[in-house]
Amino acid sequence: MTTTSSSSRVEPATTSGAIDRRLVLSAALMLFVELALIRWLGANVVHLSYFSNFVLLGSFLGIGCGFLISNKKWSIWPVSLPLLAALVVAVREFPVTIERQGSDVIYFTALHVSGPPAWQALPVVFVLVAIILAGPAELVGRCFGQLAPLTAYRYDLIGSLCGITAFSVLAFLRAPSIVWGVIAALACLALARGLWQRILNLLAAGVLVWMLLAETLTAGVSWSPYYKIQTENTSAPSSGFLLINANGVPHQLMAPAKWKVEQGERIYATPYLRLPDNPLGKVLIVGAGSGSDVAIALSRGAQEVDAVDIDPRIMELGAERNVDRPYQDPRVTRHVNDGRAFLENTDKKYDLILFALPDSLTLVSGASQIRLESFLFTEEAMTSVREHLTDQGAFAMYNYYRESWLIDRLAGSAKAAFGHDPCLDTFRGAQAVVAVAVDEANQSCEGAWQPAGEVIAPATDNAPFLYFKGGTFPRLYLITLGGILLASLIAIRALGGPFRGMRPYADLFFMGAAFMLLETKNIASFALLFGTTWFVNALVFAGVLLTVLCAVETTRRFRTPPLKVVYALIAAALALAWVVQPERLLSLPVVPRLILATALAFLPIFLANVAFAKRFAESSESQSAFAFNLLGALVGGCLEYAALVTGYNNLLLVTGALYLLAFLLVPKMARSI
């Protein structure tokens with residue numbers, strides 16, 4: 001932290017236009033750096049991509065603290081870019097693996113890992129992210145102090161939209177990390193004030209760009225919208241063996257189909273042994289990846305193959321470097337899509353559907369427990385698979401599942417969907433193949449499935465937590481979330497003063513917590529209805545910001561009902577969303593499904609932000625009011641983990657309770673505004 005003179009403490013108000021532009025740029029930088037840190041840290045700190053929500057929570061704390069700092073005589077902004085550069089240097093020069101042990105939640109990872117346990121490493125990442133994000137947030141807060149509250153909020157939202165749009169475009173272009181670093185550095189340099197601050201930022205920018213350039217120029221490194229991809233030739237390139245690492249973890253081994261079947265893992269040949277009479281006319285392979293599973297299906301006589309994978313870069317590697325050339329075969333059609341979304345949007349019937357190692361190494365951004373493949377293994381998904389099979393059709397899935405309870409859960413899910421026991425083959429402890437035919441007579445099992453213990457019920461679309469064993473809340477989350485909340489309380493007390501002084505903003509705090517849960521629920525709903533792709537996720541975030549902006553503009557320009565009426569409408573909108581669960585919309589065509597999903601998701605968001613805008617417009621200290629709303633969002637992010645117990649739909653009940661609490665805490669004189 002650095003101290004500033006009184007002359008630099010308040011941003012010079014030469015014209016309102018200059019303040020507006022500075023606010024928009026600061027807000028854009030704030031959101032851009034937040035998204036970049038989530039992606040980059042998850043790609044370079046092994047296993048952190050399974051905990052990306054903790055980076056998001058750190059961002060909320062940092063942004064809230066930045067707004068509180070904007071009322072102070074000192075500034076943290078001058079050290080933001082140097083700290084960002086130092087973090088990049090530390091991660092690049094001293095690689096860290098967050099060790100994961102235990103079987104309560106399964107993580108697909110390297111078999112041998114080392115490093116600090118997650119409960120130690122995650123708080124460190126959380127604190128560093130918070131300090132870095134506090135800088136640009138402080139700039140936004142200082143601009144808030146010079147503008148009317150709703151005017152400032154309006155430009156903050158415009159800047160945030162610019163930030164998320166820029167990052168989404170870069171994701172679409174699969175831009176490397178050097179591009180993210182250059183954009184962040186240029187924005188910091190443009191916002192710097194004073195000679196020494198410019199010199200310090202210039203030096204930090206040089207270090208940041210140099211480190212990210214070295215990463216970008218590393219042989220075999222490329223980026224997809226989900227992962228940092230790194231390839232390694234495990235033998236002579238002409239042999240066709242290529243190891244594909246994703247976010248620092250071995251993800252796929254591209255190898256000749258003949259080797260995989262005859263000398264590689266036995267899981268690749270087993271589905272065809274258990275389903276010997278399958279006609280293989282039309283085959284769907286979800287998790288097609290670099291094409292090895294597709295090549296095996298073709299070698300077995302498949303006449304038509306739909307190859308589906310969510311990651312475009314991994315499919316490109318298969319098209320470019322797979323020696324079997326499966327993606328050049330005219331019988332194969334590539335689809336870059338989420339597997340569940342593809343199933344819900346096709347009317348084809350298949351003779352064989354394969355889930356070929358469709359495990360992911362990252363979460364859907366903004367959702368603490370939804371992985372890219374989460375909705376692929378639910379009870380409803382298995383039913384959809386059954387409906388997409390011909391009378392002679394069959395289904396198989398295989399992977400290295402790591403725990404016997406997970407294997408039994410998947411076998412139980414298949415039994416529930418097909419009405420009879422599947423074939424189950426296990427190899428080397430926890431490799432497994434589950435194969436099941438529509439007609440039990442068409443499957444040839446070596447032995448009956450014998451569960452190792454109590455079979456856990458199938459995951460559902462409402463609670464798509466396949467890898468969570470259940471029974472108790474994970475101890476890791478309790479410890480880590482407790483540490484985060486304690487650190488946040490200490491920071492709020494240090495920067496905001498005695499808690500009794502925060503009473504006027506208590507309702508805004510609970511509004512922030514409720515809004516975060518509402519946003520999380522909508523991310524989960526849209527992931528189910530339209531896929532867990534980065535594009536769907538980006539549209540949801542942009543849609544939320546646009547809805548909030550519409551609510552602000554409505555409040556600025558028109559007379560809106562009193563707060564008590566708005567809160568009653570919020571309750572009605574939440575009740576409607578709770579009754580009309582997203583699973584009910586899956587059977588609809590895409591367009592009406594989109595219209596109804598948008599109405600159900602964004603109506604309560606709009607109403608909630610009309611209520612917030614009305615209260616925020618009356619605040620005497622806009623920086624403090626906005627800070628406590630953001631800190632409430634941090635608490636909401638922690639409460640999101642309750643979905644492991646409640647399911648996502650019941651998060652709406654928690655959201656409703658938080659909005660009720662917020663209404664009860666609104667000062668009596670403000671309820672009529």
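Modeller: Helix 17 gives the most to the lining of the largest cavity, with six residues. Helices here are DSSP runs of H or I with at least four residues, strands are runs of E with at least two, and both are numbered from the N terminus. This is a predicted model, where local features need pLDDT of at least 70, side-chain atom pairs count only at pLDDT 80 or more, and totals for chains, interfaces and linings use all residues. Residues are numbered from 1 along each chain as its sequence is written, and side-chain values use heavy atoms, with hydrogens and water left out.

Biologist: What volume does the largest cavity have?

Modeller: A cavity is a set of points on a 1 Å grid over the protein atoms alone where a 1.4 Å probe fits but cannot get out; lining residues have an atom within 4 Å of a point. Grid points are joined across faces, edges and corners, and a volume is the space filled by probe spheres set on the points. The whole structure has 10 cavities of 30 Å³ or more. For the largest, the volume is about 650 Å³.

Biologist: Which residues are closest to its centre?

Modeller: Helix 18 is among the helices that each supply at least two residues of the lining, and so is helix 3 (52-69). There are 33 lining residues, and the closest to the centre are Phe60, Phe515, Glu519, Leu545 and Leu630.

Biologist: How far apart are the end C-alpha atoms of helix 18?

Modeller: Helix 18 (residues 534-557) is mostly covered, with 17 of its 24 residues buried, meaning under 20% relative accessible area with a 1.4 Å probe, protein chains only. The expected span is 1.5 Å times one less than the number of residues. For helix 18 that should be 34 Å, which agrees with its end C-alpha atoms being 34 Å apart.

Biologist: Which are the edge strands of the seven-strand sheet?

Modeller: Strands pair if DSSP finds at least two bridges between them. This open sheet runs in the order 9-8-7-10-11-13-12, with mixed pairing. Pairing on one side only are strand 9 (332-336) and strand 12 (423-427).

Biologist: And in which sense do strand 7 and strand 8 pair?

Modeller: Valine 286 stands opposite valine 308 in strand 8. Over five bridges, strand 7 (residues 282-286) and strand 8 (residues 304-309) pair in a sense that is parallel.

Conventions
Buried means under 20% relative accessible area, exposed over 50%, partly exposed in between (1.4 Å probe, protein chains only). On a 1 Å grid over the protein atoms alone, a cavity is a set of points where a 1.4 Å probe fits but cannot get out, and a pocket is an open set with protein on both sides within 12 Å along at least five of seven lines; lining residues have an atom within 4 Å of a point.
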